[in-house]
Amino acid sequence: MALQEASAAVRSACAMRTLVLLLAAVFASAGLVSGEIKTPQNVPIEITSTGETTYENGLATARDNVAIHLGNTDIYADYAQYNSTTHDVELRGHVRIYRDTSLYTAESGVYNTETKKIRTANGRTESEPYYLSGADVNSISENGYLVHDGTFTTQDSAKPDFHLHARKIRIYEKDRVVFQYVTAYVGKVPVFWWPYLYQSLSDTFSFSISPAYTSNWGPSLLTQVNFPITDNIKGRLRLDYFGRRGPAIGFDPIIDYGKDENSEARIKSFYIQDQDPNLNQTSIPRQGVPTGRYRLSLEDRTNFTDSIYGIANLTKLSDPYVMEDYYPGEFRVDPVPDNVVALTKTNPFFTLTGITRFQANEFFTTTERLPEVVLDIKRHGLFGGPIFYEGESGFANLRLQFPDDSGFQNYNTDRFDTFHQLTYPNTYFGWLSIVPRVGFRGTYYGKTWDLGSTTFVPPSNPLVPDFILPPPTTANPVKFDGDVFRTGRGSFIQDLACLGECAKPRVRFGRTHACDSTVHKLFLRR
């Protein structure tokens, strides 16, 4: 008991000392809500669920494990109902909104597909180490949001030792944030009050010091300075101290270059001499974590011409856990960073893409593509007639690379895939759309894997795809000498057992109103 009281006293004293700095952390995290819920315009909504789905009197209702996808935003809930008259999507139960690397949760909410506005109850958003919650969040303009009874803290606890509470928070994306009637608390004790606070969100030059306390970092102090280097280069310097791990440094420049400065490169760097690299807040055991830990990433898009551009997404890590420990927001969305370089040629009728994907981090399993070339022919009318054609063909040299000490055997094969489809869309009676289609898909593998007597158990979760194959080991290596199920060497894959799945009738029903910019479909598959 004495030890617990002493620990509580230390944390409360730390809270008192850092409370003044907490205000700066509010300004550093003000962009959390802005952009969290805005979605691109004129993007169709896709709604799926594992439970009952009905459509009556203009109301489309989905229940159980509802997933809604629109643009780069994914929404999940227990229940969703779309009203085709008001264009509102009502959400209930465990509402979760993912946008980029941010997460927004709420008990319930309403999203309007026309105005792109959202209303939520008991919402919460986080971007480590910042945690912001509110009784309700409402869109007040195209780039403005209003939070009532907002609570802000940098401690990952249901009952934080320190927090700020504001009666109203108005956030105007990339412009400003306004707090009204702000009270600072240590525990449950109010210690300071401000009637009004204002902060610009311009990143031309800014400085912030953010105290934080997380179970993984301990008491921490996060410092960052944003500053211009040249007219086309902006930099962000990070100087952090983690109580359980030690000091860290990072530098993240953004470089605009090329014709009209329309190409951009973003570099992220991070280094820490970790004082406790084996600190682990998960149940997954870790081994061989180094003390010198780092992250170096490049996100680049180069526009060579109006129709040719290249991208590069590259990440080099010191160990497989550095993203989980120091970039939990990015880790939640992308736990295994990719290493891809691609060059794309666009055209009104086709897109040609060359891709190179390689294993830069030897501790991650990676399917290398050295290279892959894909020709995507967009849907267009043949010779100006009513029949439309679309297709895609690609060649790839695939190499499955396992970690060096995994005991699994690496293997490779060549793959050629081609897809062609003709459609004949027609609308009858002004509302019934019938689209007959006929197509062909063929895939050629230079080598196939002998599955032998392997038994595949379907997963119990209907949202998990049933495609996982057991990896090869030295005791049970890959065999390229035929396949008991199919013959794949030197020919297209032939599998009589899959004919029932390859050729199957499908019915798609859609009802579209001329005044509705969003197409909503109910899919029935047999």
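Start by selecting isoleucine 169 and everything it touches. Leaving aside residues up to four places away in sequence, isoleucine 169 touches Leu132, Tyr145, Leu146, Val147, Gly150, Val177, Val178 and Phe179. Keep in mind as you look around that this is a predicted model.

Now widen the view. Ile169 is among the residues with the most contacts inside the largest nonpolar core, along with Ile68, Leu91 and Phe179. That core has 29 residues. Which strands each supply at least two residues of this core? Colour these and see: E3 (59-70), E4 (73-83), E5 (88-99), E6 (102-112), E8 (130-141), E9 (144-153), E10 (162-172) and E11 (176-186). In soluble globular proteins, nonpolar side chains tend to be buried together.

Next, hop over to a second, separate core of 12 residues, which includes Trp217, Leu222, Phe242 and Met323. Across the whole structure, a search finds 8 aromatic pairs.

Zoom in on one of them, phenylalanine 270 with tyrosine 327. Why is this pair called edge-to-face? The ring centres are 5.8 Å apart and the planes meet at 80°, and planes over 60 degrees apart count as edge-to-face. Trace the chain between the partners and you'll find that they are 57 residues apart. Phenylalanine 270 belongs to strand E18 (residues 263-273), while tyrosine 327 is in the loop between helix H2 (322-326) and helix H3 (328-333).

Buried or exposed, what would you say for phenylalanine 270? It's buried, with a relative accessible area of 4%. Tyrosine 327 is buried too, at 9%.

The charged end of arginine 295 sits over the tyrosine 327 ring, 4.4 Å from its centre. For another such arrangement, select arginine 167 and tyrosine 181: the arginine's charged end sits over the tyrosine's ring, 4.5 Å from the centre.

Finally, zoom all the way out. The chain has 4 helices and 30 strands, and 37% of its 526 residues count as buried. Among contacts with a separation of 6 or more, 45% are between residues 24 or more positions apart.

Terms used. Residues are numbered from 1 along each chain as its sequence is written. This is a predicted model: local features need pLDDT of at least 70, side-chain atom pairs count only at pLDDT 80 or more; totals for chains, interfaces and linings use all residues. Side-chain values use heavy atoms; hydrogens and water are left out. Rings of Phe, Tyr and Trp (its six-membered ring) pair if their centres lie within 6.5 Å; planes under 30 degrees apart count as stacked, over 60 as edge-to-face and the rest as tilted. Buried means under 20% relative accessible area, exposed over 50%, partly exposed in between (1.4 Å probe, protein chains only). A charge sits over a ring if NZ of Lys or CZ of Arg is within 6 Å of the ring centre and within 35 degrees of the ring normal. Contact means heavy atoms within 4.5 Å. A nonpolar core is a set of buried Ala, Val, Leu, Ile, Met, Phe, Trp, Tyr and Cys residues joined through side-chain atoms within 4.5 Å.
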